[in-house]
Amino acid sequence: MTPARARLNEILVTLPSAGWLAVLFVVPALIVVAISFKPTDPLGGAGAGWTLDTLKSLGNPNYPAILWRTLWLSITTTALCILLATPVGYCLARLEKKWRQMVLLLVVVPFWTSFLIRIFAWKMLLHPEGIIKQALAGLGIVSPETPLLYNQWAVLLVMVYTFLPFAILPVYAAAEKFDFRLIEAARDLGARRFQAFCRVFLPGIRRGLFTALLIVFIPALGSYVIPDIVGGPGAEMLGNKIAQRVFVDRNLPHACALSLLLILAVLLPLTAVLALQGAREKARPIIEEGA
Amino acid sequence: MKRSLVPYCVTAAILVFFYLPILVLVVNSFNTSRFGGSWEGFSLVWYSRLLNHREIWHALTNSLVIAVSSSIVSVLLGTTAALALHRYATRLQKAHYMLIYTPLIMPEILMGISMLLFFIAAGMQLGLFTIFLAHVTFCISFVAMVVLGRLQDFDFSIIEAAQDLGANWWQATWKVLVPLLMPGLVAGGLLAFTLSIDDFVITFFVAGPGSTTLPIRIYSMIKHGSPPLINALSTILLAVTFAAVYISQHLLEDKT
């Protein structure tokens, strides 16, 4: 096959997917960027001409509060998910094969069911007449007037519930490859159980923890349905504001400017984690190789 | 050496956390009470109302049409993408890989708003067709990643052997490559189907009047409708999922 012919073949196999994504992914993204430089049309949609006013309006006192809430909820969700996923990953990796597969299946199966239904299930549990509310009020832990629904804590709870399996899978994948004799060695050398866990096991599954971090944090930042269903006006996130600007106010330039803010919020931690990971891999050999 | 029991207890507690809401939902679907705070007797009334709810069946049909068509197209596009990425190591493929990878990390709401603006700019009528286009767009990357994983341990000398034995390009593709890649294609297709049938956020942005899918119908029922009806619908969907998992596990066991 001549080089020109090989090149033509390559282009022919690349074109269908690359072309589709160029038209339906890249062009739409560019439109979002373009419209955020457009003035608002009071009749809805984007006005004529170009302006920086739309981007400047992000300084509007409402927005920083929502941005901070979005970051706060996403960071806390990610931290809790990793905190809970680590012992589960450890446990899964140490279980016998037969049990391991069963528990793994149990972790994954509920999440093949509709995402909306799982949020709805929590809405019913936290509902003033739902069983959690009644149980807590019955035990005197909360007063009957305390609302469990429509606040930030409800959003946090349901976010952790939704994203936890996505954290468990990469942590487990890393823990499965971990050589548990290293922990025994650390213990023989005098480390306490917790010390061995923190200083041998955690560095050993570092890659899994990084993956879990990204796989939870990025979609958490873009959350829209969870705060919409279990959060109230006081628990709005960036995603809700974008949807509100599109569907309620029909203010597309503002929606696009907020979308740019969200893209920025996604890209900054992503590049930071990837750079950190890259630097670490170069700086010292991975623990398994030394073992 | 004695192992700590803490991880095992945490795992057990998390499984309870995962299943408790689902269990309550299923139990309540048989409850006569409207809010499910207390048990007021067994009944199938919500199921019979659900069966007569014509809008739900209409939405389910829409969802199935979109899921089947978009998973077929995304398997075709995702597979060619994976073949190109695996076969060639050029700068074009580096860019191609970026293009395939970025949709995976893009929050859904951003894909939704950007495609909505694109469809408006292109003057397209929002409806089932725009939903189909959007679903193919986010499924291609997932399919490409699944097939690419399969290709990593695929032996391409088999294709060369087929060609040495006289197969032309078409025969080598359809009689050797595709059958051998079939598990990857099926896995990618099933993933695309699941993602499509469950997608709410992107669909919500690009749907038009008369193109309600099942998740959109469920969302409006959660917002405005009757909770017990959703309980009954959820129980049916859960039963379908569990049956599908059970059957696929059974098939896997028989093969190995």
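**Where chain A meets chain B**

Trainee: How many residue pairs are in polar contact across the interface of chain B and chain A?
Mentor: The rule finds 12, with both residues of a pair at pLDDT 80 or more. Keep in mind that this is a predicted model.

Trainee: And how many salt bridges across that interface?
Mentor: The rule finds 1. The side chains of K223(B) and D228(A) meet in a salt bridge, at 3.4 Å from N to O.

Trainee: Which element gives the most to the side of chain B that touches chain A?
Mentor: That is α1(B), with 13 residues. Other elements give two or more residues to that side, including α3 (54–87), α10 (214–224) and α11 (227–255) of chain B.

Trainee: How many residues does the contact take from each chain?
Mentor: Chain B gives 72 and chain A gives 81. The two chains bury about 7,100 Å² between them, and 81% of that is on carbon and sulfur atoms.

Trainee: Which residues in chain B lose the most area to chain A?
Mentor: F17(B), F18(B) and I222(B). Together they account for 9% of what that side buries.

Trainee: New topic. What about the largest nonpolar core?
Mentor: This core has 162 residues. V230(A), F18(B) and F205(B) have the most contacts inside it. Helix α7 (residues 152–177) of chain A provides the largest share, 15 residues.

Trainee: Why does the core lie between domain 1 and domain 2 of chain B?
Mentor: Because domain 1 (1–43 + 227–256) and domain 2 (54–225) both give residues to it.

Trainee: Back to F205(B). What is F205(B) in contact with?
Mentor: Leaving aside neighbours within four places in sequence, F205(B) is in contact with residues of both chains, among them A243(A), V246(A), F247(A), I109(B) and L116(B).

Conventions: Residues are numbered from 1 along each chain as its sequence is written. Chains are lettered from A and ligands numbered from 1 in the order in which they are written. This is a predicted model: local features need pLDDT of at least 70, side-chain atom pairs count only at pLDDT 80 or more; totals for chains, interfaces and linings use all residues. Side-chain values use heavy atoms; hydrogens and water are left out. A nonpolar core is a set of buried Ala, Val, Leu, Ile, Met, Phe, Trp, Tyr and Cys residues joined through side-chain atoms within 4.5 Å. Buried means under 20% relative accessible area, exposed over 50%, partly exposed in between (1.4 Å probe, protein chains only). Helices (H or I, at least four residues) and strands (E, at least two) are DSSP runs, numbered from the N terminus. Domain bounds come from an automatic or database domain assignment. Contact means heavy atoms within 4.5 Å. Buried area is the accessible area (1.4 Å probe) that two parts lose on being put together, summed over both. A salt bridge is a side-chain nitrogen of Lys or Arg within 4 Å of a carboxyl oxygen of Asp or Glu. A polar contact is a pair of N or O atoms within 3.5 Å; within protein, one must be able to donate a hydrogen and the other to accept it, and residues adjacent in sequence count only if both atoms are side-chain atoms.
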